[in-house]
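Here's a quick tour of how the charged side chains pair up in this model. Have the sequence and the 3D view open as you read.

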Amino acid sequence: MTTGDSIILTGLRVRAHHGVYDFERENGQDFLIDLTVGVDLSAASTTDDVAETIHYGELAERVAAAVASDPVDLIETVAERVAALVLSYPAARRVRVTVHKPDAPIPIPFTDVAVSIERFAPDPRAAR
């Protein structure tokens, strides 16, 4: 895929129990997830068929479920989990995932803490 086409989901709010500290695991907190999924949208735009793209509503639900499950210490781990989920879609060629932790336990005033990762689907031509 050489297009710059993307599906973008911004600010998915998910309550989860990730964190290094016991109180984060016990009380939980909101995490915000941003996704930019690289996908060739030319077929979907021509056929007007949702089967030719990634259904963003279903993707949002799956991402939220993945973020809410299985608490881990680091938001880096959450980001990697989300990236793997997105890349399990055959149409997804790349993904940028940002996990925001706006209530991180930082003792000074701040607006946001986030990590971003970018991952790529394996090149199908390399398997030949």
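## R15 and D30

R15 pairs with D30 in a salt bridge (a side-chain nitrogen of Lys or Arg within 4 Å of a carboxyl oxygen of Asp or Glu), with 3.6 Å between the closest N and O atoms. The partners sit 15 residues apart, R15 in strand β1 (residues 6–16) and D30 in strand β2 (residues 29–38). R13 joins R15 and D30 in a network of salt bridges.

This is a predicted model, where local features need pLDDT of at least 70 and side-chain atom pairs pLDDT 80 or more, while totals for chains, interfaces and linings use all residues. Residues are numbered from 1 along each chain as its sequence is written, and side-chain values use heavy atoms, leaving out hydrogens and water.

K101 and E24 form a salt bridge at 2.6 Å, N to O. Are K101 and E24 buried or exposed? Both are buried (under 20% relative accessible area, with a 1.4 Å probe and protein chains only; exposed is over 50%, partly exposed in between).

R25 bridges to D73, with the closest N and O atoms 2.5 Å apart. R25 is in helix α1 and D73 in the loop between α3 (56–68) and α4 (75–87). R25 is partly exposed at 30% relative accessible area, and D73 is too, at 42%.

## The wider picture

In total there are 6 salt bridges. Of the protein's 128 residues, 36% count as buried.

Definitions and conventions
Helices (H or I, at least four residues) and strands (E, at least two) are DSSP runs, numbered from the N terminus.
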